[in-house]
Amino acid sequence: MAVLVYADNSGGSVPNSALEAVYYASKVAAEKGTETIAVVIGALDNAILESLGNYGADKVLHYSDDKLSDFDSQSYTRVVSDAINSTGANVIIFSHNYASKSIGPRLSAKLQAGMAVAVMGLPKIDGDSLTIRRTVYAGKAFADVTISSAIKIIAVTPNAFSPEVTDKKAAVEPASVDLTDSDFGMKITDTNKVTDKVSLTEATVVISGGRGLKDASNWDMLEEMADMLGAATACSKPVADMGWRPHSEHVGQTGITVRPNLYFAIGISGAIQHLAGVNGSKIIVAINTDSEAPIFKAADYGIIGDAFEVVPRLNTAIKNLNG
Amino acid sequence: MNVLICIAKVPDTTTKITFTENNTQFNTDRVQWVINPLDEFALTRAIEIKEALGGTITVMNVGLADTEPLIRKAFAIGADEGIRINAEPTDCFFVASQIAHYAKEGNYDYIFAGRETTDYEGAQVGGIVAEFMGIPFIAGVPKFDYDGTTATMEREIEGGKEVITVNPPFLASIQEGVTEPRIPSMRGIMSARTKPLTVVEPVEAGSFVGVNSYELPPAKGDCKYVDAENSEELINLLHNEAKVI
Ligand SMILES: Cc1cc2nc3c(=O)[nH]c(=O)nc-3n(C[C@H](O)[C@H](O)[C@H](O)COP(=O)(O)OP(=O)(O)OC[C@H]3O[C@@H](n4cnc5c(N)ncnc54)[C@H](O)[C@@H]3O)c2cc1C
């Protein structure tokens, strides 16, 4: 029975996290000796759909009904469950993101399917059950969990897998489902997309600032660093609470969990709730005036110093490096 | 206006995470238990709206008797009634099946859950309840308003946000940003003792995801310090040694 993967459509492109999910799905399919089928919703160039084959998809089911232009958990769940029915898939893969949190649980209820999220490793398949490694306690621990339902849903952590790319092309099949008014429950009245910014959960480099930066205007130097490194910006909770930065940038136990290759903590003390959301990062750099700040215990590289002197010097060095 | 808030019991966020019984059980020794912070944000926002529009706020928890102090804490913050479904929460599907069963009886205008709990982080309970009830579900809401007829809220999508309107009944899972938690007043604490807490028995439901064992991540190596006077060297190390830029 096939492995189905939901590939996000981010306004006409497929984000890296979704490509990672496709690649992951193809690994699971190989283990099961079956095919990988991607589901994509909304307008997208045929060439992009075919290129999902590069990441391991054999087939792409493309649902492009105009009614699906707005993301509604009810209509999108109808579509994915239609794809499950038509393909007989019994493992469904998502990237662990907004879509998986909206569609995954609804599918779980509809199909009596167990769901594992924040998944970090490939599954061990043993008969009808599947065992998989995920993070729990905001990255403070791993858990090996077994999903025992007939249909299984897996949401994969972004940045946890690097796809091997081939030149295979996927077969693209247009698909549709009859949607009625009862499949829609909400109205989207405004969309505000910051398309020129790197998405925080997908970013490989994150530049994060804390209360030590003293004022919203001081983020200019962090933005400059982020621009040069193709990085996303982030912040600690009090910074978002004070309105210096939007809440969507707040990382930590009650905010977003990130696992970039490189995390810069600038003027951040390193409270346990903050570390919870960032300790999956490969390299952590701390810049802090206080040599006793707990962030240095979590850091790989540290500078004990004033951010207002250190960051401009780093920016100059990055400029030189970039040539 | 009738509102239901799903609340979970989690270890305080400062808890040192360790395991026992050959790494198969979470070590609860000396753990301080709290209402899941995102659930508390949801509860507090519902109370603010109730203060403007009137109504009744019910909190619901799937747990054994040891969760009752947290239900009383929710009363002290401002919830009016509580329902405890007397069962050990095993996985998201089981918990959500219980909540959906009893929520159907309640005629709630809207239901809040936290986006996820800070321990198991399943991020599923709200969505499963919504599907069982056949109502709209909005995941991850950092801003919420309700005028008595229509709710207007923001939700975060990859790389941006959307403003959404939806009419009751619906379920929203709440995240940081909706409001700040409140410290219960003396009056709230006094009245918490006498507010009605109903205990009901669980219904038959499946449980599909089980933890076999836990593992702590390997300890971090030492921090390598670069002198502030020589900050440029850090970029060199990140480029040539760590190879991350
Ligand atoms: C239930 C709960 C949940 C929480 N969830 C989160 C969460 O998700 N995320 C989160 O971040 N926090 C969270 N917190 C808050 C957390 O406990 C800390 O209060 C918070 O992380 C501290 O933020 P900060 O490091 O920016 O500020 P501070 O702790 O005030 O640290 C500021 C740092 O800046 C340094 N500094 C000052 N001036 C300079 C300078 N010129 N140059 C360089 N360094 C300087 C100081 O030495 C200090 O270390 C939570 C708390 C609770 C109770």
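## Reading surfaces and contacts in a two-chain model

Student: Where in chain B does Met186(B) sit?

Tutor: This is a predicted model, and in it Met186(B) belongs to helix α5 of chain B, which covers residues 186–192.

Student: Is Met186(B) buried or exposed, and why?

Tutor: The general idea is to take the relative accessible area of a residue and call the residue exposed when that value is over 50%. Met186(B) has a relative accessibility of 59%, and therefore it counts as exposed.

Student: Is Ser236(A) buried or exposed?

Tutor: Here the other cut-off is needed, since a residue is called buried when its relative accessible area is under 20%. Ser236(A) has a relative accessible area of 8%, so Ser236(A) is buried. Ser236(A) lies in the loop of chain A that runs between β13 (232–235) and α6 (237–241).

Student: With which residues is Ser236(A) in contact, leaving aside its neighbours within four places in sequence?

Tutor: With those neighbours set aside, Ser236(A) is in contact with Gly209(A), Gly210(A), Arg211(A) and His274(A).

Student: How is chain A divided into domains?

Tutor: Domain 1 of chain A takes in residues 3–183, and domain 2 takes in residues 205–322. The centres of these two domains, taken over C-alpha atoms, are 32 Å apart. Seven residues of domain 1 and eight residues of domain 2 take part in the contact between them.

Student: What area is buried between domain 1 and domain 2 of chain A?

Tutor: The two domains of chain A bury about 600 Å² between them, with 48% of that area coming from carbon and sulfur atoms. On the side of domain 1, Ala138(A), Lys140(A) and Asn159(A) supply 70% of the area buried against domain 2, which is more than any other three residues. The count of salt bridges between the two domains is zero.

Student: How many residues of chain B and chain A are in contact?

Tutor: The contact involves 77 residues of chain B and 83 residues of chain A. Between them the chains bury about 7100 Å², of which 56% is on carbon and sulfur atoms. Glu158(B), Phe208(B) and Lys220(B) supply 10% of the area that chain B buries against chain A, more than any other three residues.

Student: How many salt bridges are counted between chain B and chain A?

Tutor: The count is seven salt bridges. Glu215(B) and Arg133(A) form a salt bridge in which the closest N and O atoms are 2.8 Å apart.

Note on methods. Residues are numbered from 1 along each chain as its sequence is written. Chains are lettered from A and ligands numbered from 1 in the order in which they are written. This is a predicted model: local features need pLDDT of at least 70, side-chain atom pairs count only at pLDDT 80 or more; totals for chains, interfaces and linings use all residues. Side-chain values use heavy atoms; hydrogens and water are left out. Helices (H or I, at least four residues) and strands (E, at least two) are DSSP runs, numbered from the N terminus. Buried means under 20% relative accessible area, exposed over 50%, partly exposed in between (1.4 Å probe, protein chains only). Domain bounds come from an automatic or database domain assignment. Contact means heavy atoms within 4.5 Å. Buried area is the accessible area (1.4 Å probe) that two parts lose on being put together, summed over both. A salt bridge is a side-chain nitrogen of Lys or Arg within 4 Å of a carboxyl oxygen of Asp or Glu.
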